[in-house]
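This report covers selected local features of one protein chain. Please look over the sequence and structure first.

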Amino acid sequence: MAVDSATDPVVTTGWPSPFGVRTRLVASSALMLFVELALIRWTGSNVVHLSYFSNFVLLGSFLGIGIGVLRSGRAKRLPYYSPIMLGLLVLVIAWKPVTVDRGSSSSVIYFTSLNTTGPPVWVILPIVFVAAAVVLAGPAELVGRCFAELPRLTAYRFDLVGSLIGIVTFTALSFLGAPPIWWGLIVTVVFAVLMIPRASGAGRRAVATGLSAAMVLAPLLVMLGVLFKESTKSDNSWSPYYKVQTKQYTWEGVPLLTITVNGVPHQQAIPADARLQWEPQYGLPYERANAGKQPKNVLIIGAGSGSDVAIALKKGAQHVDAVEIDPRIRDLGKELHPDRPYQDPRVSSHIDDGRAFLSRTDKKYDLILLALPDSLTLVNGASSLRLESYLFTQQAFESARDHLNPGGAFAMYNYYRETWLIDRLASTAQHAFGHKPCVDKIGDGLQQAVVTVGLTEQDQNCSAEWAGATAETPPPATDNRPFLYLFTDRIPSLYLVTLGLILVAGLVGVGIAGGGSSYRRMRPYADLFLLGAGFMLLETKSITGFALLFGTTWVVNAIVFAGVLVAVLAAVEVTRRFKTPPIKAMFAILFGGLALSWVFPDSWLLSMPVGLRALVAVLIAFLPIFAANVIFAKRFTDTADGTASFGANLLGAMLGGCLEYAALIIGFHGLLIIAALLYVGAFILTPKLRTARE
């Protein structure tokens, strides 16, 4: 039977908490994951356009966690810098709002007409990155202290349990729509419990207790004040994706509802009559589709607050399936839309991802409409995948085609910003349907357009023929490379410059944190560094794969994150309790799992019934994750320096997060190749283990 190393020293750290080391470790790990998720959500909601780059906050978190673990062995004081930086970050963002300036580059398309000013993106992103690293280094340092007091796998086991608790807690708060004040209260309480010693005696001890309480509580109380003010504003509410703000007013006698998300104007709930009078283009799909006949059954993806649903009813639809991914925006429309479309008995409302809804339904429609589905945010844990990315691939258009009744049509409209993007969507429709679509462009700087394509060419009624794709029109996006808004087949310089600055900051930060000895301490654990990088790519592939198979919803995302941790925990428990195959055999299983993922891509899984799809997807996704973590657990048990080896693995995950951007060139499926190369390197660098360990 495999057991933890019995040679680990038990270190007395002078920790002020009255709780045992296992309890402290679980609480510290839960705090670490909770703060990471809350920081991603809150900064993305308050720094305009940062939600397009939320992965950089995640990368900063990885760096901070790695640095915190490395510091834990040499730090003489508790990490008071962490709550201080957290309070300062929240205060500065609230006091002087910061924006990610769009500039004039079209390498990243922002779906907003909001003009912003401020530092360029390559300046503000590294600043946010460094702030996130400093904040997360504190809880990680507390985790590292516990690792020094426990056997290797026991510590790792409780670290995973705490991480699961942090994810589940934040997910539960998201489900309840809890505002940030609740996030802040939880963070404050856990920081206080872990870092403020119990008052006992007098003199120096009492003074030390008071100073500790002041350094922990003062900045966190400032943070709570900011969050309380934000959370109690009557027009603020929180969905699982955004901070949502509403404003009701009347213009020219027409009642209007404006919905702003993450500081960006997003939707307007307008009566159908007024909308069609002011912006007649929203009625064009009904004129172009079905040769002008009224569609009976309509599917609207991106139904939002209900204006598009109201128009469909106005145009004579007998039944509308309204699919919206954000429950809060749908509920606001249900409560406040002037036409009350969601109360109409002809409407069925679905909180779901549009692509996932299509993959699960057998219904067919006379009109399928993509109604301005622009999410303004990324899928958590994926560098360039937006919530709506899988709606605009060639395979998605083919799925819509297969759900049309004879004579039916598929349409979309939005403010597309770029002519090449309109042509790309029209070209994708042409590839999927076999003939040119109708393209109506509305003359303004935001390049609004309506693209409509009938099931056959006779099922559409164009005012003029679309000129067709040009030599500069990018090819259709695919499920493997669902980057609709990427103009070139290269990584934009915006990302390259920012990633370069982040890597430099990481190298400097690790060197400073270890007092010059960090790299020397981590040198023997290069294999663990590569294991961390490979694992990050496997996690990304799992997140994006499950998003395609089951939807880009926050529920699917949370389940995948938790599932990955459960797979890792299972690997640790198996390694602790049973005699596992030698590391060479586990590497063979790992490479077999990667080959299985390569041979059976997500497109194959999409053709399966949902139940079988879930079973096979879990097997394919989590087999290599399980094998990789058995390898890590066996190797980690034998390391001489637990904090250095664990820190090396965490910093490797940061490198993996940077390598993830290679998907912009080779697609998400291609990440399996990079992961395989990293694991080959880890295999070569793994030192020989004692026979007893094998």
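## A charged pair within helix H4

This is a predicted model. Arg145 forms a salt bridge with Glu141, and the closest N and O atoms are 3.7 Å apart. Both residues lie in helix H4, four residues apart, about one turn of the helix. An α-helix has 3.6 residues a turn, so residues three or four places apart point the same way. Arg145 and Glu141 are both buried.

## Helix H2

Helix H2 covers residues 54-71. At 1.5 Å a residue, its 18 residues should span 26 Å. The end C-alpha atoms are 26 Å apart, which agrees. Of the 18 residues of H2, 17 are buried, so the helix is largely enclosed by the rest of the structure.

## Other salt bridges

How many salt bridges does the structure hold? The count is 19. One of them joins Asp331 to Arg330, with the closest N and O atoms 2.9 Å apart. Asp331 is partly exposed, at 26% relative accessibility. Arg330 has a relative accessible area of 14% and is buried.

Elsewhere, salt bridges that share partners join Arg157, Glu573, Arg576 and Arg577 into one network. Side chains of opposite charge can pair when their charged atoms come close.

Strand E6 (residues 319-324) and strand E7 (residues 347-351) run parallel. Five bridges join them. Asp321 stands opposite Ser348 in E7. Together with helix H11 (residues 327-336), E6 and E7 make a right-handed β-α-β unit.

## Around Ala662

Where is Ala662 placed? This residue is in the loop between helix H22 (642-659) and helix H23 (663-685). Leaving aside neighbours within four places in sequence, Ala662 is in contact with Ile491, Gly667 and Ile674. Ala662 and Ile674 are twelve residues apart along the chain, and their C-alpha atoms are separated by 9.0 Å.

Conventions
Residues numbered from 1 in each chain as written. Predicted model: local features only at pLDDT ≥ 70, side-chain atom pairs only at ≥ 80, totals over all residues. Heavy atoms only, no water. Pairing = 2+ DSSP bridges. Helix = DSSP H or I, 4+ residues; strand = E, 2+ residues; numbered from the N terminus. Right-handed = clockwise from strand over helix to strand, strands pointing away. Contact = heavy atoms within 4.5 Å. Expected span 1.5 Å × (residues − 1). Buried < 20%, exposed > 50% of the residue type's maximum accessible area, 1.4 Å probe, protein only. Salt bridge = Lys/Arg side-chain N within 4 Å of Asp/Glu carboxyl O.
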